[in-house]
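The stops below go from confidence to helix pairs to a salt bridge.

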Amino acid sequence: MERRCSHKRQGSIEMLETIGVVKKENGSSNLLLLPAHSPRSFDYVLVSQNSEDNESKGSVKKERDFISALKDKNLQIMKFVDDDNIFYGIKAPKEIFETYKHLLKVSDACNWSCAHQGHIPQSTRIRIVDFILHHSSINTEGGPEFLSDLIKSNVFAAQFCLHEKEEQKVLRKSWARWTACFNGQPITNVRNYFGEKVALYFLWLGWYTFLLIPAAVLGIIVFLYGLAFINTDPLIKEVCESDTIMCPLCDKRCRVWQLSDTCTFAKFSMLFDNEGTVAFAMFMAVWATVFLEFWKCHRASYVYEWKVFDWCEEEEELILEIVNNYNCEPRNQSHSYLRSTVIMVLVTLMLLLIIGLTHALVVFRVIASVEFAKHTDWPFLSENSIIVAFLLAAVLHFITITVMTHVNRIVALKLCEIEKVRSHDAIERSFTVKMFTFQFFTLFSSLIYTAFFLGRINGHPGGYVRIAGIWRLEECHPSGCLMDLFIQMGVIMFLKQTISNVIEFSGPWFMRWLKRRKSRKLRRKVCQCLKKECMVATAGSAELCDNCKIKDLLRNFDLKHVDSFSLFNEFLEMVLQFSFTTIFVAAFPLAPLLALLNNIIEIRLDAIKMVTLERRLLPKKTKDIGVWTDVLEIIGVLAVIANGMVIGITSDFIPRLVYRYRYGPCASSNATDVDCMSGYIKNTLSIANINDENIRRDFLPLQLITHNQMNVTYCSYKDYRSNEDYTLTSQFWVIQAVRFAFIILFEHVVVVCKSIAGWYVPSSPLEVKNNRLEDKLHRLKKELRPERERCTLSENA
């Protein structure tokens with residue numbers, strides 16, 4: 001008896017359905033109930049401009065030659081002409097798909113199933129025809145020209161696959177609408193319409209968003225923990241009641257100030273620089289591993305369910321090459337040490353340019369803070385020149401990120417052209433690695449400087465480090481270096497997510513509205529036709545008239561253009577957000593909350609974009625999210641290193657710990673009525689004698705007068721230095737040693753926890769492994785059965 005194709009549903013899939021990441025399915029996908037291929041549709045569409053210009057005669061000839069080349073491959077082509085464009089609707093004959101099915105069945109790395117024994121899904125038809133089109137060429141004087149070359153030379157204006165109205169309607173109702181924000185995603189419907197690659201992106205994004213919930217809750221708890229002790233913490237009380245006079249923070253205009261002036265900022269920094277931050281950073285490092293390992297488990301369940309677990313990119317490409325041209329020859333892989341060296345040198349130069357921009361931002365902050373301090377007409381700007389300069393630099397950093405994103409993309413594509421890899425997927429992998437590397441340095445170079453160098457290389461009174469011997473390097477925020485990192489992360493993350501989402505949605509919507517205004521006349525003409533002539537065709541399977549077909553073609557043509565890297569942009573945006581959420585989360589515990597709120601909107605925004613505002617993405621087959629998995633694992637490692645260094649170097653956690661147990665009042669006595677942190681703030685300050693000649697050169701007399709017009713003879717600054725010769729004290733070196741020891745201990749503990757979590761969660765569920773073995777056993781028996789029957793008949797004869 002034949003074994004049925006369906007299996008018991010995987011536990012991982014049922015779990016995702018239970019928690020609401022994906023929509024629970026009742027046996028089959030809604031899209032499978034629709035016709036496999038509507039007679040009113042095409043597998044692919046080419047568009048050229050309808051021009052009678054004599055200069056375009058060469059283009060017209062190339063256009064005719066290419067269409068003839070497609071007809072020679074038995075593709076059925078229908079031509080539709082309107083006032084501005086010529087549309088070529090392309091359909092592939094049944095024989096092409098039968099050949100594909102047969103080759104898929106006999107290939108080594110396929111997971112043959114009953115899904116391939118029936119009709120070919122529309123997504124598969126589109127993918128096959130797209131391959132044929134892009135591997136068809138015409139002979140010209142300059143050599144063979146492919147479709148991509150013809151589009152670059154404006155022979156064809158566009159290429160796209162059509163949205164199917166009925167399938168669009170199903171997806172719009174269940175997924176691509178704002179009211180479905182808290183509903184599970186119909187991931188199988190998405191796969192059937194957009195292919196496995198898009199489906200895995202949304203499955204990954206849905207799981208990432210769900211797992212942000214516990215991270216966001218814990219981040220809020222850490223924030224509230226700091227809020228609960230904001231008025232009772234002895235360190236804040238010591239700052240607010242201090243009468244210590246602090247040294248000027250900048251040259252010329254900045255005056256001495258009182259430590260108590262930073263009382264508000266000290267309270268604010270307590271919200272994210274407290275004992276809970278350490279536990280939260282450890283949690284997020286382990287969280288990244290748990291997220292990734294469970295993702296691998298969910299991916300394995302779904303790709304098995306979709307019968308692509310054993311799918312092989314190279315074999316799929318070979319099959320498509322044979323379908324396109326039976327006499328094709330395999331394209332050999334190649335490697336050039338010269339090209340690799342050139343690429344390495346160019347990547348290094350690009351990274352140096354990006355790091356140079358970070359240095360430019362540092363110089364801007366230094367100069368801007370000095371210039372703002374000169375504006376006596378605006379007291380607020382003058383008194384808060386450092387904060388204003390830092391905020392302005394953060395906004396400028398965001399603008400730099402936006403500009404460099406386009407530059408990075410162009411450079412990465414050029415480097416991929418130099419590399420000359422074999423297949424499109426290999427190009428995409430290479431492009432992903434280069435583009436992510438460039439973007440990572442663009443986003444994080446400034447943050448790395450703020451976290452680990454700001455305020456540590458600026459010197460001290462009498463020995464300040466200056467740019468070009470003029471501008472003094474900036475110091476940390478008066479309430480601590482972590483405040484600077486918090487402000488910069490908050491500004492960049494908020495602006496990037498908010499502005500990106502607005503542009504991402506409004507851009508395609510506006511372009512669609514603009515194009516539809518231009519074609520309004522034709523739409524009115526077709527509307528009347530649709531009412532009178534095509535009502536029966538719309539309801540049944542009959543052909544529409546040419547005008548109505550043109551309307552459908554125009555409807556798709558008016559949508560935003562998409563290309564092979566459109567989905568890459570979505571992945572890059574989310575992976576960079578994942579980097580923000582994990583790498584410097586010790587400085588910004590609310591990052592998971594902002595990411596969660598953004599992603600709830602992002603899922604529906606991307607869905608609405610893909611279904612209604614953009615042309616249909618080419619459905620691509622895949623079994624994973626590709627090189628992004630490796631990128632996420634690298635980010636997880638960087639998160640451990642960065643958070644350990646932020647806590648150990650940037651925050652005051654280690655100095656407070658050392659003071660409590662070595663230098664504080666509790667270090668030498670067992671008294672229970674003494675606050676162990678009493679005197680900590682004073683202990684972190686060193687004193688500069690104004691009578692010292694070197695110090696007097698750094699400050700003008702006007703700067704040494706307090707706001708109540710009192711002259712000062714000494715001022716304090718945050719450092720561990722001798723008050724006589726300004727050398728570093730032994731306490732500084734003890735703290736540095738403990739910082740180093742903490743970083744080593746933190747990273748080893750977290751790495752062990754990550755390893756245990758990775759070992760505990762299998763990357764592929766046992767159900768999937770067992771079912772795959774059962775499938776293979778069944779297939780082998782099925783292949784052997786005809787041979788056994790033949791042998792039995794031979795013996796009986």
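pLDDT is the predictor's confidence in each residue, from 0 to 100. A contact means heavy atoms within 4.5 Å. This is a predicted model: local features need pLDDT of at least 70, side-chain atom pairs count only at pLDDT 80 or more, and totals for chains, interfaces and linings use all residues. Residues are numbered from 1 along each chain as its sequence is written, and side-chain values use heavy atoms, with hydrogens and water left out.

**Stop 1: confidence**

Colour by pLDDT. The chain average is 82, and 87% of the residues score at least 70. Now select residues 33-39. Here pLDDT stays under 50, and the model has 17 contacts beyond four places in sequence for this stretch. Move on to residues 535-542. Their pLDDT is below 50 too, with twelve contacts in the model beyond near neighbours in sequence. Where pLDDT is low, predicted coordinates should not be read in detail.

**Stop 2**

Helices (H or I, at least four residues) and strands (E, at least two) are DSSP runs, numbered from the N terminus. Axes are lines fitted to C-alpha atoms, for helices over the stretch in contact, and angles run from 0 to 180 degrees between N-to-C directions.

Select residues 566-583, helix α21, and residues 628-650, helix α23; they pack at an angle of about 20 degrees, with axes 9 Å apart. That makes α21 roughly parallel to α23 (angles under 35 degrees count as roughly parallel, over 145 as roughly antiparallel, 65 to 115 as roughly perpendicular and the rest as oblique).

Show side chains. Among the residues that meet are Phe-568, Phe-571 and Leu-572 in α21, and Trp-628, Val-631 and Leu-632 in α23. The residues of this contact of α21 with α23 divide into 13 nonpolar, three polar and no charged (Ala, Val, Leu, Ile, Met, Phe, Trp, Tyr, Cys and Pro count as nonpolar, Asp, Glu, Lys and Arg as charged, and the others, Gly among them, as polar).

**Stop 3: α6 and α7**

Select residues 165-174, helix α6, and residues 187-194, helix α7. Their axes come within 11 Å and cross at roughly 150 degrees. α6 and α7 are therefore roughly antiparallel. Glu-167, Gln-168, Val-170 and Leu-171 of α6 make the contact with Asn-189, Val-190, Tyr-193 and Phe-194 of α7. The residues of this contact of α6 with α7 divide into five nonpolar, two polar and one charged.

**Stop 4: a salt bridge**

The structure holds 22 salt bridges (a side-chain nitrogen of Lys or Arg within 4 Å of a carboxyl oxygen of Asp or Glu). Select Glu-145 and Lys-62: they form one, with the closest N and O atoms 3.1 Å apart. Glu-145 lies in strand β5 and Lys-62 in helix α2, so the pair ties together parts that are 83 residues apart in sequence.
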